[in-house]
Amino acid sequence: MEISNRHGVRPLAPPRRPARRAPVLVAVGLLLGSAALVGVDQPSAAAATTPVAVTVNARAGLATVPDTALGVNHAIWDSQLGTTETSDLLRAAGVQMMRYPGGSYADIYHWRDHTAPGGYVAPGTDFDTFMAGVRRAGAQPMIIANYGTGTPEEAAEWVRYANVTKGYDARYWTVGNENYGNGHYGSAWEADHHPDKSATYYANLVVEYADAMKAVDPSIKVGAVLTMPANWPDGLTAGADPGPWNQTVLSIAGQKIDLVDVHWYPGGSAAESLPRTSHITDAVHLLREQITRYAGPDSGRIGISLTEVNVTSQGMTSQPAALFLADAYSGLLANGVFTVHWWNVRNGIGQVSTVAGQTDYGDFGMLSSGTCTSNGSVCEPPLNTPFAAYHGLSMMSRFARTGDQFIRAASDEPLVAAHAVRRTNGEVAVLLVNRDPDNAREVDIDYAGFAPSGGEPTVHTHTNGATAITTSRSGSATSRTLPPYSLTTLVVAAADPGAGRPGAPGQPTATDVTDRTATISWPAATRGASPIAKYEVHRQYGAVSEQLGETTDTALTVDNLVPGRRYTVNVLTRDTAGRVSWASPPLTFTTGSPATSSCGVRFTRTTDWGNGYVANVDIVNNSDTAIDGWTLTWTWPTTWQRVGSGWSATWEQVGTTVRVTGTDGNRRIPAEGGTSAGFVGEYSGPNVTPTAFRLNGTLCTVQ
């Protein structure tokens, strides 16, 4: 079923999630997945009596900020798309990438004659006008080729026009938009005129699109549409596809694409959506894991773009949008996503409400469209008035600049989020998000691997209802009072600018990973004022670091690792004068299970529906002695996974630990024999598979 209006068509969400009211102006991206709506409870906003402890660790390096980081969606139904005021506002906010021609419209849009049969196309929104605005804003384009009603030849001609005829140097292209929403999994909002709606058919056509487009310009990057892990239809297999959408597309098209394109709408109320940024690290990890597993050799070249994100239920034009945008963009970019795009520049008035004392117009845009409700009772502010999300994006441009390296930051209070970057000039910028709508929060900041100067930091602040970001120099680098529902960025100078320090090592890699050991290798660093003395390998443990070892070589085998655990490490250079480099780029790997053991476990998900699944657990006795009575245990990797019900065993979960005990019918496992049990699993975030199982205390081989 669809909700339509004069300007666009926007579908209701897939099954098992609440519908949203259609915006006045535009079609919008899909609110992904029922799993995303089963929220993490928002902590109580009781007044704080103890300062929040924030830790910033400059030794724990994450991703470097690319020149494509900060993105927005532009759409052909927006009559203001090509105005200089729009471009100048986006430039002022620091926008680096703009997506066109607009969500689901991409699959009905024909660039040659600038038409979208079945949809509204505003005057002055053609491709050349869009590119003029992109250039005026100093940004880059992200272009969606029409898959639903287009052809590879049409896409190739668009590449020719853009890069050969006009010289626009448009590097980034994707094939379609949310094409899993074509009815293949039951819900249909995305146009798809092909006779076969399967993931297999889409993937094979992506290959044809990529070949045709790169035949015109081999330097472009072509992307395929995937779904974010733990969001609909992740885990679902339909028709004759060999697996779920992501697996099928990557297996067939992985060798032809340069990027994958995903969307994320957390949904729910402001209190529910804001803490869901905690899902980002695991979701991106699972997506990268899928790319590595299915896309074939050299899959590391494939980038991840997240081209639609918004809070989508409450607070879209008020302060929750600003808080969520800054928190989500930071988390995604820190985890290596190369561009993040807000949905969208303008959208139109929706469900009007009051959020934290401010009028919220239910508008997905970051700039006002100046529209009114259908009965004229409520109107938005004048055209182009910035909403809170615009100020959130402006804060991001003050916080994370091209070339900065994200570093670990953490808070001991769920209502306060922290992010940090280290700049090439030695400064550290710290972004603090106070999600408490009612109370100010005192924050004490502790720095590791960085000594702040004694001077006053530069402070950028955006508070609830404010119409601009305020900037001043005040206070200290180690303590701050955060206003309720606010964004605060501290830019802190270093006590020692680090002149003469050695260069950071290159990107580390891991080989020979076992259950207990891994060999870490890295390209050598360049020396600074003094010779290089050694390299140190540090493990990230939350926002603190644990040194795993050191060497004068460019490789180190680390041991005493925990089986089935994910590790993120950095390598640092130390010279003979004691100077320490920046952290290397991060390396993440997961230890396995023992190569041999007296027991083996096979954990298999057989059916998945987006927030739950059925799984079988097969247990094998590899010894020559029967087991008379058994208990299998494992620990879930996240706090949002649990056993709902089970069979063929007694199932118990305490915290994140699962205990499975044999019943009278299968308590005895014969020598060289096995048994099985099953359960219904539940999850409300990325569903990370456990990889360490113990049978009667013995660590088993995972088969």
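The model is predicted, and every value below was computed from it. Among the features described are a right-handed crossing of helix 3 and helix 4, a right-handed crossing of helix 8 and helix 9, and a pocket with a volume of about 420 Å³.

**Helix 3 and helix 4**

- The axes of helix 3 (residues 152-165) and helix 4 (residues 199-216) come within 8 Å of one another and cross at roughly 30°; helix 3 is therefore roughly parallel to helix 4, since angles under 35 degrees count as roughly parallel.
- The crossing of helix 3 and helix 4 is right-handed.
- On the helix 3 side, the contact involves Pro-152, Ala-155, Ala-156, Val-159, Arg-160 and Val-164, which meet Leu-205, Glu-208, Tyr-209, Ala-212, Met-213 and Val-216 of helix 4.
- Sorted by class, this contact of helix 3 with helix 4 comprises ten nonpolar and two charged residues, with no polar ones.

**Helix 8 and helix 9**

- Helix 8 (residues 319-334) and helix 9 (residues 388-399) have axes that come within 7 Å and cross at roughly 35°, and the crossing is right-handed.
- Helix 8 contributes Gln-319, Ala-321, Ala-322, Leu-325, Ala-326, Tyr-329, Ser-330 and Leu-333 to the contact, while helix 9 contributes Ala-388, Ala-389, Gly-392, Leu-393, Met-396 and Phe-399.
- By class, the contact of helix 8 with helix 9 holds eleven nonpolar and three polar residues, and no charged residues.

**The second largest pocket**

- The second largest pocket has a volume of about 420 Å³, and of the 23 residues that line it, Arg-422, Gly-449, Asp-496, Arg-501 and Val-580 are the closest to its centre.
- Strand 3 (52-64) and strand 27 (566-575) are the elements that give two or more residues to the lining of this pocket.
- The lining residues of the second largest pocket divide into ten nonpolar, seven polar and six charged.

**Backbone features in loops**

- Trp-232 and Pro-233 are joined by a cis peptide bond with omega of about 0°, and Pro-233 is placed in the loop between strand 8 (221-225) and helix 5 (245-253).
- The peptide bond from Trp-343 to Asn-344 is also cis, with omega near -10°, and Asn-344 lies in the loop between strand 11 (339-342) and strand 12 (353-355).
- His-114, although not a glycine, has a positive phi of about 55°, and lies in the loop between strand 5 (97-100) and helix 2 (127-137).
- Ala-356, likewise not a glycine, has a positive phi of about 50°, and its place is in the loop between strand 12 and strand 13 (358-360).

Key:
Residues are numbered from 1 along each chain as its sequence is written. This is a predicted model: local features need pLDDT of at least 70, side-chain atom pairs count only at pLDDT 80 or more; totals for chains, interfaces and linings use all residues. Side-chain values use heavy atoms; hydrogens and water are left out. Axes are lines fitted to C-alpha atoms, for helices over the stretch in contact, and angles run from 0 to 180 degrees between N-to-C directions. Helices (H or I, at least four residues) and strands (E, at least two) are DSSP runs, numbered from the N terminus. Angles under 35 degrees count as roughly parallel, over 145 as roughly antiparallel, 65 to 115 as roughly perpendicular and the rest as oblique. A crossing is left-handed if the near helix is turned anticlockwise from the far one by less than a right angle, and right-handed if clockwise. Contact means heavy atoms within 4.5 Å. Ala, Val, Leu, Ile, Met, Phe, Trp, Tyr, Cys and Pro count as nonpolar, Asp, Glu, Lys and Arg as charged, and the others, Gly among them, as polar. On a 1 Å grid over the protein atoms alone, a cavity is a set of points where a 1.4 Å probe fits but cannot get out, and a pocket is an open set with protein on both sides within 12 Å along at least five of seven lines; lining residues have an atom within 4 Å of a point. Grid points are joined across faces, edges and corners, and a volume is the space filled by probe spheres set on the points.
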